[in-house]
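I opened this notebook to record a look at aromatic pairs and nonpolar cores. The entries follow the display.

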Amino acid sequence: MFGLIAAAYALLSDADVRRAQRRRPGSQFVASTVHGMGHVLNRHLRRMSERFEECDAFDAETLWSLRRRLAELADPELIAIYPHGDGRSPRRVNGTAAQRPADATLHAVQRDGLCHEVVLALVHHLAEETRASLLASGGGSALPLLPTRHHEEHHEEGGEEEGTAAAAEGERSRVFSEYRSQVSCQQCHTGAVAAAWRDATLPPPLPVDPVQPGRERLRSCDYQADPPCGPCDGLGGPRWGDTSEDVSPVRCEAVASPTQVPPSARLPGRYPTEGRASVNGGTRSPVAVRPDQPGSYAPMHATLYLGWSRGAARQRYDFRSDKGVRTASQIYLQSGAQQRRNESGAMVTVVPAKGECVCDSAIAGNMHIDSFAADALDPLQLPPEEGGLAYLGRVRLSPIDDPSAPNRTVLADHWLKWAFHFLVDADPASPSLGLPLRLYGHLGVRQIFSNWRVGDPTKEKPDVWRVPAGCKLLAEACKEFVGSTEAAS
C-alpha cells in the first residue's frame, strides 16, 4: 500500500532515542490552543513530505488501513522507551475496522480521531530510517494532516422513537469514547490546556463560607485557588455532605512554609514499593470530580497492600466492618506487559458473604507509588499552577483525624497534586518517618494510614495477589493472572 515492504526493523538512531526520552516537546512544536496546535504541527508535517493532505479528504476505512500498516511498521524498541502512561504510547489496534456510523457527523468524528492516530504512529512509533523510507517511496499513498477542530459530544433529545433513539445514543457514545482516547496530542503539544478540552476539569473553588469565611479553603483547595493553598488548606476532615459547612476540619498548625523547608529537607510523597498498612477514614459515594447529585459519606476501614516489584504493579484493599469482619476485597493487577501496551490491567472484586468474585478491566492503571514525588510515569509533568506537584509546607495535626487513634499527633510534609492532598511523616522520632500518613480528595477519599509494615506482603499473606478459583472473568486482561500469585512482568 505504501510502496514499501517492511523487512527487519531499522536500527534506532541517537535522534530516535533522544526524542523518545524527551518528556515535553520543544517550543517549536507547541501552541496555546488545540486549534493552533494542529496548524503548528501540520506545518512540520508538510515539510517532511508533499504526500500529506487534509484529514477531510480521507474516509475512515482508508485511515483504518493506514493505521494497521503503521502498526506493522512500528519499532518495538522505540515504543519500549516511552514510560507507562506516556501520551505517545500506541493504542491496541483491533483486527477489524470499526463500524462506520450511519450519521455523517459521527463519521467525521471517527475520521478525525483516526487522523490523530495515524499521525501519532507515523511520528512517534517508527524509527527515523523507516519513516524516511516510507515518505520517500515512489507512488506511495497520501497521508493525513491533523484536524484543526475538536469535537464535543452533545446529546440530542426527542424526534425519534424510543428504540431508534437508544440505538443512536449507543452509537454516539461508542464513537465519542473512541475519539476521546485517540486525541492525545493536546496533552503534550499545547501549553495551558483550555478547560473545555480537559478530560476531568475541576469545578471552580467553593464559594466563600457565609458563616466562617476561609472555612471553604479548609474543606477544598486545589491549584485554582487564589491565593494559592497554604500549609493547612485543603486537608478537610470527617464529612457528612458536600458543602464547607458539612465537614469537621482536622486541627492543623502550620510549622513551616515552603520557603522555610529547603528541598533537601522535604520528605518526598511516595508509597513504599512493597508493604501493608491499616487505613481508616471515609469516602464519598459516588466519588466525583464534577458532582451532578449530592453525595453520601461512609466510614472506611481497610488494610492496604502494595506490590510494585518485578516489573508489575499490584494493589489490594481488604475492607472490613466496624467490628473487624472482612466485607469485600478489591485487587488491582497490572503486568509489565500491560503497562508497556498502555493497558489498565485488571480489577478483582470479592464479596465473601455472597460468595461472589468478578474480574473486569480496571478503570485506570494502578496508582503510581511516586504520585506525589518525582513521578517518572506522569506523562504531563505539569507545573504547580496548572495542577502539577506542589509542596505546601510542614504541618502538625493534633490530633490527626484517625478514629483508630484519637490522640495521635503527627508532623508531616504536605504535598498537593491536582485536587489531592498527601501528607508524609516528617517526624524524625516516628517509626513511620518518610511513609504516607494521609490522602484526601474533597469529593473522594479520606484515608489515614497507620501500622506500616514495609516489605513483601506475600511473606505474611501468600495469596494476596491471587485471583480466587472460580472467579468470573469479564475481561481479557484478567487471564494473565488466573492460577498465579504473581502479575507477570
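Are Tyr-271 and Phe-422 buried or exposed? I found that Tyr-271 is buried and that Phe-422 is buried too (buried is under 20% relative accessible area, exposed over 50%, partly exposed in between, with a 1.4 Å probe and protein chains only).

I note that this is a predicted model, in which local features need pLDDT of at least 70 and side-chain atom pairs count only at pLDDT 80 or more, while totals for chains, interfaces and linings use all residues. Residues are numbered from 1 along each chain as its sequence is written, and side-chain values use heavy atoms, with hydrogens and water left out.

Entry on aromatic pairs. I looked up the pairs and found seven (ring centres of Phe, Tyr and Trp, the last by its six-membered ring, within 6.5 Å; planes under 30 degrees apart are stacked, over 60 edge-to-face, the rest tilted). Tyr-271 and Phe-422 have ring centres 5.2 Å apart and planes at 55°, so I list the pair as tilted. Their positions lie 151 residues apart in the chain. I also recorded Phe-449 with Trp-452, tilted, at 5.9 Å centre to centre and 40° between the planes. Phe-449 has 0% relative accessibility and is buried; Trp-452, at 14%, is buried as well. One aromatic cluster holds Tyr-271, Phe-372, Phe-422, Phe-449 and Trp-452.

Entry on cores. The largest nonpolar core has 26 residues (buried Ala, Val, Leu, Ile, Met, Phe, Trp, Tyr and Cys joined through side-chain atoms within 4.5 Å). Among those touching the most other members I noted Tyr-271, Leu-304 and Phe-449. A second, separate core of 24 residues includes Phe-58 and Leu-134.

Definitions and conventions
Helix = DSSP H or I, 4+ residues; strand = E, 2+ residues; numbered from the N terminus.
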